[in-house]
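Work through the exercises below with the structure open. Try each task before you read its solution.

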Amino acid sequence: MSIFSPRRYQPAFRPMHRDSLPIRAFASFEAFAKGVFFGCRMCGNCILQETAFVCPMTCPKGLRNGLCGGATPDHCEVDPSRPCTWYVIYDRAEKLGRLDTLLEINAPIDGSRTGHEQWLDMIRVWRKRGEGPHPADFLFKRDKFKREWDAYFYALRQPDWWQGDSVYHPPAYTEPISLLEANLRTGAFVTTAEIAPPLDASREGIYKKASMLKPYVSAANFTDNASATVRMSSIASSKICLDAGLEPVMQIQARDRSRIVVESDAVGAAGMDIRNILCLSGDHHRFGLSPIAKPDQFDLDAIQMLWMLRRIRDEGKYLDGRKLKTRPQWFLGTAASPFGAPPMFEAIRAEKKINAGAQFIQTQPIFDYDRFTDWLEALDKRNLLDRVYILAGLVPLKSARAAHFMDEEVPGVVLTPEIIKRMDNAGDKEAMQQEGVAIALELIERIKNTPGLSGMHIMAVHWESIVPRLVEEAGLPRPVIQELAEPASAPVMAEERPRRATHMA
Ligand code: SF4
């Protein structure tokens, strides 16, 4: 067990190339000492200053910007024998009064630095900069020392190719990029739905479902091997949906993808006119079917994906600095978990996502409306509601078994005891479906009248045929804009993006 962090999840990294013997000996000593104190995995990209001196690399997903949707105060969702590293970080940051340091968007690891010593490197950087901090100033010029100290550590943890910060970056274009964005900009209540990618190579199912949903929703989401279980890819499903005449939201998970594949897939999607991209960290392989892939397959997290893709779109440069002649057009989104960590912590994570580039958020399904509004209020307190479009998640329940499964097995989803009781007492299969629809309609009625929300995302997985009935019976508006005027050119710098007021009462 380490003193300041949870223990290491996996052994320390080894360097990509062999150093000289004295340097290797020093690195071994450093790995031992930092292991005892921080459970350090020698990632070589230390951000302890930003994480209340708890090593984020002890998180099994290696998340460097906040917790995942399945985190609980009791344990980590991947390895229940250990605490959630990010709960430890949030708790300690709150006690130390350092919660705001958690807003800075931390870089992914630079693989060339893993496993190497870092203490000598810190001295080298300090000497090369020649800009302090100077030990004498600690005694006599405390303000100067602090300024230089902060600048020095910023330079250490934020490489030139990343330059993460903690401020909001509005999108650098004016005209809407996708139909979904155009509809959200009208201020009308927008509905999106989810279509499960098929298990096989058939296009027919997506064609049929997309044609059925088109009059009712602005876009359809395609999951990206959700629950770490293989299906048709999100990018292929999205293209088939687009061919069927309905705009897709292509989900893209960080799991299983290096930064190279994320950039390549997202640019490829733009090349096929798939414009809505939803960035997720992804479910760990532990939740997949056997045999599961080797652990530790997270090169990025959702926030890093958003930061990277927004900059590709708005600055026209890959992470490695190469320029794109034609910039991709993406309307970027992400997911949020209103029932995960306490709303205050979730709001910090939401702010990071919005600052990084998220323009819309689709939430986990809502069953506990009161807890959901607690989360919305926490976002409102951070003045986030007029910077992002929020679509509340809704799952119509098909059976009591589905209700229990969601409550007990799906990370970050919470059902109320009343809803579970109603489903348990509903009766036969037909009656359970009717009860599920009744519950969904009651929730929609409350959601559509909630300030701060821009719409709803219906996840009727394998029950997509219920969506038209829900939209009709709930009186939800149909998509206002059916066709997009082609933007005149690649994204143009915008001084300020037009927004509608969404502050909660
Ligand atoms: S619950 Fe999620 S965020 Fe927390 S340590 Fe486990 S994988 Fe990381």
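**Exercise 1. Count the secondary structure elements: how many helices and strands does the protein have?**

Solution. Start with the whole chain. This is a predicted model. The protein holds 16 helices and 8 strands.

**Exercise 2. Which radius of gyration would a compact globule of 505 residues have, and what does the protein have?**

Solution. Step one: take the length, 505 residues. Along the principal axes, the C-alpha atoms fill a box of roughly 75 × 55 × 50 Å.

**Exercise 3. Describe burial and contacts in the protein.**

Solution. Count a residue as buried if 20 or more other C-beta atoms lie within 10 Å of its own. On that basis, 46% of the 505 residues are buried. Next, take contacts between residues at least 6 apart in sequence. Of these, 79% join residues at least 24 apart.

**Exercise 4. Into which domains is the protein divided?**

Solution. Domain 1 covers 21–157 and domain 2 covers 179–474. Their centres, taken over C-alpha atoms, are 32 Å apart. Domain 1 gives 21 residues to the contact, and domain 2 gives 26. On the domain 1 side, the classes are 13 nonpolar, 5 polar and 3 charged residues.

**Exercise 5. How many residues surround the ligand, and which are the closest?**

Solution. The shell has 14 residues. C59, C68, A71, C76 and C84 are the closest. Now sort the shell by class: 10 are nonpolar, 2 polar and 2 charged.

Terms used. Residues are numbered from 1 along each chain as its sequence is written. This is a predicted model: local features need pLDDT of at least 70, side-chain atom pairs count only at pLDDT 80 or more; totals for chains, interfaces and linings use all residues. A residue is near a molecule or strand if its C-beta atom, placed from the backbone, lies within 6 Å of it. Ala, Val, Leu, Ile, Met, Phe, Trp, Tyr, Cys and Pro count as nonpolar, Asp, Glu, Lys and Arg as charged, and the others, Gly among them, as polar. Helices (H or I, at least four residues) and strands (E, at least two) are DSSP runs, numbered from the N terminus. The radius of gyration is taken over C-alpha atoms; the globule rule is 2.2 Å times the number of residues to the power 0.38. A residue is buried if 20 or more other C-beta atoms lie within 10 Å of its own, exposed if 12 or fewer, and partly exposed in between; C-beta atoms are placed from the backbone. Two residues are in contact if their C-beta atoms, placed from the backbone, lie within 7 Å. Domain bounds come from an automatic or database domain assignment.
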